[in-house]
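Hello,

Here is the structure for your files. My notes on what was found in it follow below.

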Amino acid sequence: MFVPMWIAIIASVLVVVQGKVWETIPPYVKQCHEGDPELIKCFIGSLQHLQPYLATGIKEIELPPVEPFRMDELSLSLTSGPNGYRVTLADIDVYGASNFTVTKMKLSENGKPFEARIKMPELRMTSKYRSSGVLLIIPASGNGTFHGKFQDVTAIVKGIVSVSQKEGQNYMHVDTLQVDIDIKHVRMAVKDIYRNNRIIGEAMNLFLRENGQEVVKAMLPQLKRKLSNLFQSIANQLLSNLPVDVFYVPKKQ
């Protein structure tokens, strides 16, 4: 039986540090044991227990903070045609990802993917933006700051893991990972428009108010791909140093 990707992050709190195993379990660890009839409940409890540590990061195991979650760039094409309106978001900070509730978890068995359903009440995004093209018949090229509030967010994480042996111990590897996101409520706005161009600012904010879900739809393919790649990379960086037995305690023989 394999455990899901987020359990890899739980595993990280039991890592070998500079070649030495933790002699005592740190306060941010909640172990789970083979044979526990409430194993899924234990894994979910471990994730919830880890929330405050994910927010601030854990330096000794090189786990970066989730607040804010940082991304480099998203490029959006919001209208079509030769003068279609295009926006690029850069230096993106996302807040609220550590405030989550795991509502469902399914372990990976017999080669089938693991799955976890995670709910977040609110994500807030701030970034720089630059735009080009025509919006609402107005030439609207410019730049400024972008602010978004996304409420009632559901993320479904699925993936395939494998196990290999190294120096006589079993290690997990996340072979594939996919993140799907559903957002129920959206509010977005731009500020600090270049040269304080009121007309461009009003046109953009009107467009964002009336077409919020369409803008999110344009974001999602890139956003899901970036999240999937990042989570997979972090998980595998951690798991390459973690024997499975360290975080998923086997039965005593």
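A cavity is a set of points, on a 1 Å grid over the protein atoms alone, where a 1.4 Å probe fits but cannot get out, and its lining residues have an atom within 4 Å of a point. Grid points are joined across faces, edges and corners, and a volume is the space filled by probe spheres set on the points.

This is a predicted model, in which local features need pLDDT of at least 70, side-chain atom pairs count only at pLDDT 80 or more, and totals for chains, interfaces and linings use all residues. Residues are numbered from 1 along each chain as its sequence is written, and side-chain values use heavy atoms, without hydrogens or water.

The whole structure has one cavity of 30 Å³ or more. The largest cavity holds about 60 Å³ of space. Its lining includes Leu89, Tyr129, Phe146 and Val190.

Leu89 and Phe146 are also among the residues with the most contacts inside the largest nonpolar core, which has 64 residues. Such a core is a set of buried Ala, Val, Leu, Ile, Met, Phe, Trp, Tyr and Cys residues joined through side-chain atoms within 4.5 Å. Strand S11 (residues 169-191) gives the most to this core, with nine residues; strands are DSSP runs (E, at least two residues), numbered from the N terminus.

Ser127 is found in strand S7 (residues 114-132). Ser127 counts as buried because its relative accessibility is 7%, and buried means under 20% relative accessible area (1.4 Å probe, protein chains only). Beyond four places in sequence, Ser127 is in contact (heavy atoms within 4.5 Å) with residues including Leu89 and Phe146.

Regards

Conventions:
Buried < 20%, exposed > 50% of the residue type's maximum accessible area, 1.4 Å probe, protein only. Helix = DSSP H or I, 4+ residues; strand = E, 2+ residues; numbered from the N terminus. 1 Å grid on protein atoms, 1.4 Å probe; cavity = no way out; pocket = protein on both sides within 12 Å on 5 of 7 lines; lining within 4 Å.
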